[in-house]
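Thanks for coming. I will go through one structure this morning, element by element, and give the cut-offs as the terms come up.

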Amino acid sequence: MRVNSPITINKTVIKNRLTMAPTVKFDYAEDDGKVTERHVEHYRERAEHECGLICVEATAVSPEGRFCKTHLGLWEDSQAEGHKAIVEACHKYGAAVIIQLNHTGITTTPDVGPAIGPSAVPVKTPAKMSREMTIDEIHETQELFVKAAIRAKSAGYDGIQLHGCHGYLINQFISRKTNLRTDEYGILTYENRARFASEIITKIRECCGPDFIISVRTAGIEPNVSSAISIAEEYVKAGCDYLQVSTGIEWEDSSLKERGEPYNLICSLGVRFHDHFAGRVPVSCANGLLDPKTVRYLIEHELVDTVDLARAVLADPAFCEAVLNNAKFTKCSNCLRCQYGPGMAHRCPALSKRMGLNVF
Ligand SMILES: Cc1cc2nc3c(=O)[nH]c(=O)nc-3n(C[C@H](O)[C@H](O)[C@H](O)COP(=O)(O)O)c2cc1C
């Protein structure tokens, strides 16, 4: 297998194995959650430089489920128009494009909404404890995801991705730390833990049709790899076409050890998922992929189907061309300054240099 080999996800042909991982911009959107010119140019540039599949950043399905007041949204019809511009800009260069849908749940900040989730558990915000969602609230929130997916389809996206990792609402339902319920959305069985997202997947499939990609970026470990795989199996049963694998809330697995591989342990979660799902569901790995050689290694050894690139393509979109054709690129220096927060300007030194900005 080569990095430039196409792959078909559902019915969509992706021209190579390089995907742009979802990466939120805290200073691009305004309070109205609409797409701005900066978003369009940002994704257009990554498509132009040969990303095969772009996954647009975590996008809020409701104003209460945002990271902060400046968070991209798809909670109302008027927001879909701007997304058309992102889709057109990416399709123009032959990239497929999906959008990650998210609700922050118990990690919501008090200036946007109450911290609600599967259960009442301690939270870091001034509320100190989250509030347990009622069954009606669970159904209403599922509906928010479905409506956002319908808007995504109307904007021309090839599919959606549910944000099911990194401690946000879908992840909160599958983790025993944040889900203490014993009802049908509770922690007692894999089916119940996965039910919140599985029902969303089933409904999106019904509303958006058989060809629409439904991906989940799932926790590769929760609290261990084997239970995370059992949960992903539930998503697949419901109709998920593509798994991207990252981290979850709990990490308790003695089977995960550094074995001298050229990729890190988080990336190895994707490799473990690929071992399990190979030939059935395409799997992507992520994390620490800042070197073209490692990306090629993962694909050429058929350890995963695609690789998610985050900081490497934030620092320089030409990273994809470096993987594909040894083009020159500016390497991410792993400074972590791109992990900026609400109210702060983008701080990647490589990106700033390229754009002629002096943000330091
Ligand atoms: C600036 C920034 C924003 C991010 N936003 C998201 C996001 O919206 N959704 C998501 O699932 N992960 C998000 N992540 C995590 C990345 O997708 C990725 O998993 C992580 O950066 C590790 O990959 P890397 O080593 O290639 O950067 C973000 C990471 C960064 C640096």
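How many residues surround the ligand, and which are the closest? There are 21 residues around the ligand, and the closest are A21, P22, A58, A310 and R311. A residue is taken as near a molecule or strand if its C-beta atom, placed from the backbone, lies within 6 Å of it. Strand 4 (53-60) and helix 9 (311-315) are the elements that give two or more residues to this shell. By type, the shell divides into 10 nonpolar, eight polar and three charged residues. Here Ala, Val, Leu, Ile, Met, Phe, Trp, Tyr, Cys and Pro count as nonpolar, Asp, Glu, Lys and Arg as charged, and the others, Gly among them, as polar.

Before going on, two notes on the source. This is a predicted model, where local features need pLDDT of at least 70 and side-chain atom pairs count only at pLDDT 80 or more, while totals for chains, interfaces and linings use all residues. Residues are numbered from 1 along each chain as its sequence is written. As for helices (H or I, at least four residues) and strands (E, at least two), they are DSSP runs, numbered from the N terminus.

Now strand 8 (159-164). Is strand 8 mostly covered or mostly open? It is mostly covered, as six of its six residues are buried. Buried means that 20 or more other C-beta atoms lie within 10 Å of the residue's own, exposed means 12 or fewer, and partly exposed is in between; the C-beta atoms are placed from the backbone. In a regular strand the side chains alternate between the two faces of the sheet. In strand 8, G159, Q161 and H163 point one way, I160, L162 and G164 point the other way, and all are buried.

Strand 8 also has partners, and two strands pair if DSSP finds at least two bridges between them. Strand 5 (residues 96-102) runs parallel to strand 8 and is joined to it by four bridges. L101 stands opposite L162 of strand 8. With strand 9, strand 8 pairs over six bridges, again in the parallel sense. There, G164 stands opposite T218 of strand 9.

Next, helix 5 (residues 190-208). Its 19 residues reach 26 Å from the first C-alpha to the last, close to the 27 Å expected at 1.5 Å a residue. The expected span is 1.5 Å times one less than the number of residues. Where is the kink in helix 5 centred? It is centred on F196, and the kink is about 55°. That bend is the angle between axes fitted to the seven residues ending there and the seven starting there. F196 is among the buried residues of helix 5, which also include R193, R195, I200 and C208. The buried residues pack against helix 3 (135-155), strand 8, helix 4 (169-174), strand 9 (213-219) and helix 6 (225-238). Contact here means C-beta atoms, placed from the backbone, within 7 Å. Just after helix 5, G209 takes a positive phi of about 90°.

Helix 6 has 14 residues and reaches 20 Å between its end C-alpha atoms, close to the 20 Å expected. Its buried residues include V225, I229, E234 and Y235. Among the elements that cover them are helix 4, helix 5 and strand 9. Just after helix 6, G239 has a positive phi of about 125°.

A few backbone details remain. Most residues other than glycine have a negative phi, and most peptide bonds are trans. The bond joining E222 and P223 is cis, with omega about -5°, and P223 is in the loop between strand 9 and helix 6. H166 has a positive phi near 55° and lies in the loop between strand 8 and helix 4. H166 counts as partly exposed because it has 17 other C-beta atoms within 10 Å. N334 also has a positive phi, near 65°. N334 is in the loop between helix 10 (319-325) and helix 11 (349-354).

Why does N334 count as exposed? Because it has 10 C-beta neighbours inside 10 Å.

Last, L324, in helix 10. L324 is buried, because 20 other C-beta atoms lie within 10 Å. Not counting residues up to four places away in sequence, L324 touches V3, N4, N16 and E50.

Technical notes. Two residues are in contact if their C-beta atoms, placed from the backbone, lie within 7 Å.
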